[in-house]
Amino acid sequence: MRLDNQSKEEKVTLELSKEEFKKLQRLLEMQGEKQEEEKKRAEEDKNANFVQLYREHMPEMRWLMTNHPFP
């Protein structure tokens with residue numbers, strides 16, 4: 001006997017008023033926005049302490065470190 005995913009899925013039919021539909025739609029939009037925000041935050045945190053320097057500016061960096069050391 002073979003069962004595919006379609007036969008396993010249970011379908012539900014709902015009747016919603018326009019107001020209820022709008023609330024449900026907004027809830028889904030908010031959930032999507034929250035997921036996007038979490039994804040963006042995770043991407044930003046991934047390189048939080050990353051610093052990029054160009055090799056051509058290394059002499060200036062050495063000069064700064066020599067003449068203005070950190071306390």
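How many salt bridges does the structure hold? The structure, which is a predicted model, holds four salt bridges.

## Overall architecture

The protein contains three helices and zero strands. Read along the sequence, these elements give the pattern α-α-α. Helix H1 covers residues 5-8, and helix H2 covers residues 18-46.

Along the principal axes, the C-alpha atoms fill a box of roughly 75 × 45 × 25 Å. A pair of residues illustrates the spacing within the chain: Leu 16 and Glu 44 are separated by 28 residues in sequence, and their C-alpha atoms lie 40 Å apart in space.

## Exposure and charge

What share of the 71 residues of the protein counts as buried? The share is 0%, where buried means under 20% relative accessible area. The accessible surface of the protein comes to about 8,100 Å². Carbon and sulfur atoms account for 53% of that surface.

The protein carries 14 positive and 16 negative charges. The mean positions of these two sets of charges are 2 Å apart.

Arg 26 takes part in two of the contacts described here. The side chain of Arg 26 meets that of Glu 29 in a salt bridge, with an N to O distance of 3.5 Å. Both residues belong to helix H2, where they lie three residues apart, about one turn of the helix. Arg 26 also forms a salt bridge with Glu 33, and the closest N and O atoms of this pair are 3.5 Å apart.

Arg 26 counts as partly exposed because its relative accessibility is 38%, a value between the 20% limit for buried and the 50% limit for exposed residues. Glu 29 is likewise partly exposed, at 40% relative accessible area, and Glu 33 is partly exposed at 45%.

## The Lys 46 and Glu 43 pair

A further salt bridge joins the side chains of Lys 46 and Glu 43, at 3.3 Å from N to O. Lys 46 counts as exposed, with 56% relative accessibility, while Glu 43 is partly exposed, with a relative accessible area of 47%. Why are Lys 46 and Glu 43 separated by about one helical turn? They are so separated because they stand three residues apart in helix H2. As for the contacts of Arg 26, salt bridges with shared partners join Arg 26, Glu 29 and Glu 33 into one network.

## Nonpolar surface patch

Which residues make the nonpolar surface patch of about 710 Å²? The patch is made by Val 12, Leu 14, Leu 16, Phe 21, Leu 24, Leu 27 and Leu 28.

Val 12 counts as exposed because its relative accessibility is 63%, and exposed means over 50%. Leu 16, in turn, is partly exposed, with a relative accessible area of 41%.

Terms used. Residues numbered from 1 in each chain as written. Predicted model: local features only at pLDDT ≥ 70, side-chain atom pairs only at ≥ 80, totals over all residues. Heavy atoms only, no water. Helix = DSSP H or I, 4+ residues; strand = E, 2+ residues; numbered from the N terminus. Buried < 20%, exposed > 50% of the residue type's maximum accessible area, 1.4 Å probe, protein only. Areas by Shrake-Rupley, 256 points an atom, 1.4 Å probe, with all protein chains shown as cover. Lys, Arg positive; Asp, Glu negative; His and termini not counted. Charge placed at Lys NZ, Arg CZ, Asp CG, Glu CD. Patch = residues over 30% accessible without salt bridge, like charges linked within 9 Å, V, L, I, M, F, W, Y side chains within 5 Å.
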